[in-house]
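Dear colleague,

I am passing on the structure we spoke of, followed by some notes on what was found in it. Please read the notes with the structure open beside them.

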Amino acid sequence: MLFMTPDIEMSPDEFRNLRDFVYQHCGLNFTEDSKYLLEKRLGKRLAQHNLKSFRDYYYFLRYNPGREQELTEVVDQLTTNETYFFREDFQLKTFIEDVLPEIRGRKQQEGKQTLRIWSAGCSSGEEPYTIAMLLLDQPWLKSWKVEIIGTDISQRVLHMAREGVYGESAFRSTDPQVRQRFFTETAGRWRVRDEVKNLVSISHLNLFDSSRIALLGRMDVIFCRNVIIYFDQTGKKTVIENFFQRLQPEGFLLLGHSESLINLSTAFKLRHFKHDMVYQKPGQLAAPDGGRP
């Protein structure tokens, strides 16, 4: 039988311990006025484990054999994952009209036909599937090896991404003809078709886990939109450094419209295109020292 714990209060010390522990785990940054949020969202976890205080819960996270699984639950409770297909279309136009042609020209000079794209913080999958739909409309890519990797720290949204089934709210910026082409309607919901899914792999990844990130290999493009806003300055620098290391020379980094690298990194070039501005890792000759942030 579970204890009924919805009204357990979190002391200032308990808040600081839990806040710092979550920060060290995944970089999510909670200010002093976030105590109520942590109290309400984590209170149900106390009930789940029959714990009577947030102090007990803190020790559970630190020492219990099931702490890794519980940390997954904590992240699911504390993260916001609202998104939709074809979000920030002006940036997607830049990706199709400017970024891809540059990559195509460079790859042709190198005699390569590979394209690797990372959707970091992919949430429930709308972003990597959007990228896949856009690429399927590029005839020149039919003979290329295309990989789109979507990652997120929340197992809950990753399950949704793998399922690939969406309600109406996910299509607020989607042309009806695009939905008819790439989705199949089932009981009032829409399932992404296999030709889109086959371009995308979905996996769990903590953006602070540099060793696991290194296993991804090099990328031509990294999308990380509306994610780093949840990190403090130190956390942002860590994530941007990881992105820099994963990008090919002259690879592109696309952030959200409210995000920038000001005061975070001088390693990237800011490219101005018709519809938007994006960041680019310099080529090898332009950054002989490695161009680290």
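The crossing of H5 and H6 is right-handed, a crossing being right-handed if the near helix is turned clockwise from the far one by less than a right angle and left-handed if anticlockwise. This is a predicted model, in which local features need pLDDT of at least 70 and side-chain atom pairs count only at pLDDT 80 or more, while totals for chains, interfaces and linings use all residues. Residues are numbered from 1 along each chain as its sequence is written, and side-chain values use heavy atoms, without hydrogens or water.

Helix H5 (residues 89–110) packs against helix H6 (residues 126–136) at an angle of about 45°, and their axes lie 11 Å apart. In the contact (heavy atoms within 4.5 Å), Leu92, Phe95, Ile96 and Leu100 of H5 meet Thr130, Ile131, Leu134 and Leu135 of H6. By class, this contact of H5 with H6 holds 7 nonpolar residues, 1 polar and no charged ones.

Elsewhere, 3 strands form an open antiparallel sheet in the order E3-E5-E4, where strands pair if DSSP finds at least two bridges between them. E4 pairs with strand E5 (residues 189–192) over 4 bridges, whereas 2 bridges join E3 to E5.

Best regards

Terms used. Axes are lines fitted to C-alpha atoms, for helices over the stretch in contact, and angles run from 0 to 180 degrees between N-to-C directions. Ala, Val, Leu, Ile, Met, Phe, Trp, Tyr, Cys and Pro count as nonpolar, Asp, Glu, Lys and Arg as charged, and the others, Gly among them, as polar.
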